[in-house]
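Grab a pencil and work through these exercises with the structure open beside you. Try each task before you read its solution.

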Amino acid sequence: MPDTPSAPLLLGNQPGSFPHSVLAERHPAIIKQVREAFPYEPAQHRALDELLLNCTEGVIEPLPADATDRAHWEAWGLPEYTGRSWFDVPWLWSESWFYRQLLQAVGWFGPGPWQGIDPFRPFKLAELDSAETDEELAALDDLTARPAAEQAQALLHGSLWGNRADLGFRLSAEGARDADAAPGLVADDSDRLWALLDHADGGATLCLVADNAGRELVPDLLLIAHLMESGRVGRAVLHVKPYPYYVSDATTADVVDALRRLTAAGGAAAGYGRRLWSALSDGRLTLRAHPFSSAPLPYEEMPADLRAEFAPATLTIVKGDLNYRRLVGDRLWAPTTPFADVTAHFPGPVAALRTLKSDVITGLDAHTEAALDAAEDRRWRTGGTHALIQVRAPG
Ligand SMILES: O=P(O)(O)OC[C@H]1O[C@](O)(CO)[C@@H](O)[C@@H]1O
């Protein structure tokens with residue numbers, strides 16, 4: 001990383017800190033919610049009891065010899081962390097381990113009748129079916145009459161602020177409250193984002209690394225559809241998670257649900273849905289669910305095959321808070337650390353679209369940081385009321 005000193009890795013072992021509250025409070029709350037949402041059988045209840053105890057008071061345990069993802073986790077640090085408290089290993093690692101272990105407890109990995117049953121699906125579907133989603137889709141009818149530049153900016157912001165729709169985040173009291181401070185962009189490189197796509201003469205390839213399903217994925221898909229229709233993007237690759245993760249992260253099944261929701265909505269939304277459907281059918285839009293997409297590691301450590309997929313893209317848009325943590329490194333950076341420095345490892349032009357829901361932040365100017373601290377203490381970092389668009393294009 002160019003001349004940038006590193007910063008402390010985030011761990012969950014400081015009582016009173018945000019990471020600690022996620023491990024000590026949010027994870028138990030997620031177990032409770034999932035348990036109540038399904039008619040699980042006794043073995044699953046026992047496994048959830050064990051997970052509750054293990055994640056709050058126990059240590060990281062090895063995986064059974066026949067676990068299908070064992071080789072991945074062994075390569076991702078499991079041998080090093082086995083025997084340590086969940087609170088004493090990197091926070092990103094613990095959180096990812098939690099979701100993996102939750103899936104194990106409910107039988108996702110199988111074999112058995114619960115194999116592949118997404119424990120978060122009821123929450124995702126409720127959101128997709130909500131009145132808010134209806135309103136957002138109906139608003140598209142007016143938008144299509146606007147000038148193309150206005151549509152593009154509105155859909156970019158729809159995708160950006162859609163990141164507030166994160167079901168895991170809403171489980172914490174802080175995330176649940178409506179923003180009282182005016183939402184605001186703390187960094188806005190959108191001109192650079194458009195410039196990158198415009199200079200590709202319609203032949204741009206866009207990778208979009210998705211974050212949440214439902215009310216975030218729908219505007220992500222609309223943005224992709226608009227960029228294709230306006231001729232800015234010729235080909236798009238949508239990266240989703242290979243399995244349910246961080247409650248609402250999008251999987252292939254969630255893309256299908258979102259597309260069905262669009263096509264059934266009528267009006268302009270249905271048109272977008274049909275065009276995305278055809279783009280998938282004819283290969284202009286493709287889906288990827290790489291195992292590393294749910295790895296407990298920063299993108300700096302991505303494997304060569306994934307690196308080779310991002311490298312030729314005109315632009316990769318990385319959505320959401322967790323992906324931001326993985327993009328810049330899950331560290332307590334000084335907020336003025338240059339975004340270009342901490343993303344220099346990324347193989348190609350990259351844009352982060354994220355609402356701020358964790359302590360990790362880079363690329364601010366000193367004035368903005370001081371103004372945010374003065375107005376809100378540290379709450380601006382985690383409250384989800386602020387957002388950013390940051391771009392690094394290798395010179
Ligand atoms: O859906 P997003 O934007 O990736 O956010 C998930 C959020 O969950 C947390 O990891 C806490 O669980 C936040 O730090 C993180 O930002």
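**Exercise 1. Work out how many residues of domain 1 and of domain 2 touch each other, and what the domain 1 side is made of.**

Step 1. In this model, 19 residues of domain 1 are in contact with 19 residues of domain 2. Contact means that the C-beta atoms of two residues, placed from the backbone, lie within 7 Å.

Step 2. Before going on, note that this is a predicted model: local features need pLDDT of at least 70, side-chain atom pairs count only at pLDDT 80 or more, and totals for chains, interfaces and linings use all residues. Residues are numbered from 1 along each chain as its sequence is written.

Step 3. Now find the bounds: domain 1 covers 18-119 and domain 2 covers 136-392. Such bounds come from an automatic or database domain assignment. Taken over C-alpha atoms, the two domain centres are 27 Å apart.

Step 4. Look at the side of domain 1 that touches domain 2: α1 and α5 (91-106) each supply at least two of its residues. Its largest share, seven residues, comes from α5. Helices (H or I, at least four residues) and strands (E, at least two) are DSSP runs, numbered from the N terminus.

Step 5. Sort that side by class and you get 13 nonpolar, four polar and two charged residues. Here Ala, Val, Leu, Ile, Met, Phe, Trp, Tyr, Cys and Pro count as nonpolar, Asp, Glu, Lys and Arg as charged, and the others, Gly among them, as polar.

**Exercise 2. Decide how α12 (217-229) is oriented against α13, then against α14.**

Step 1. α12 and α13 pack at an angle of about 70°, with axes 10 Å apart. Axes are lines fitted to C-alpha atoms, for helices over the stretch in contact, and angles run from 0 to 180 degrees between N-to-C directions.

Step 2. That makes α12 roughly perpendicular to α13. The cut-offs are under 35 degrees for roughly parallel, over 145 for roughly antiparallel, 65 to 115 for roughly perpendicular, and oblique for the rest.

Step 3. Leu217, Val218 and Leu221 of α12 meet Asp254, Val255, Ala258, Arg261 and Leu262 of α13. This contact has six nonpolar, no polar and two charged residues.

Step 4. The axes of α12 and α14 (267-282) come within 10 Å and cross at roughly 75°. So α12 is roughly perpendicular to α14.
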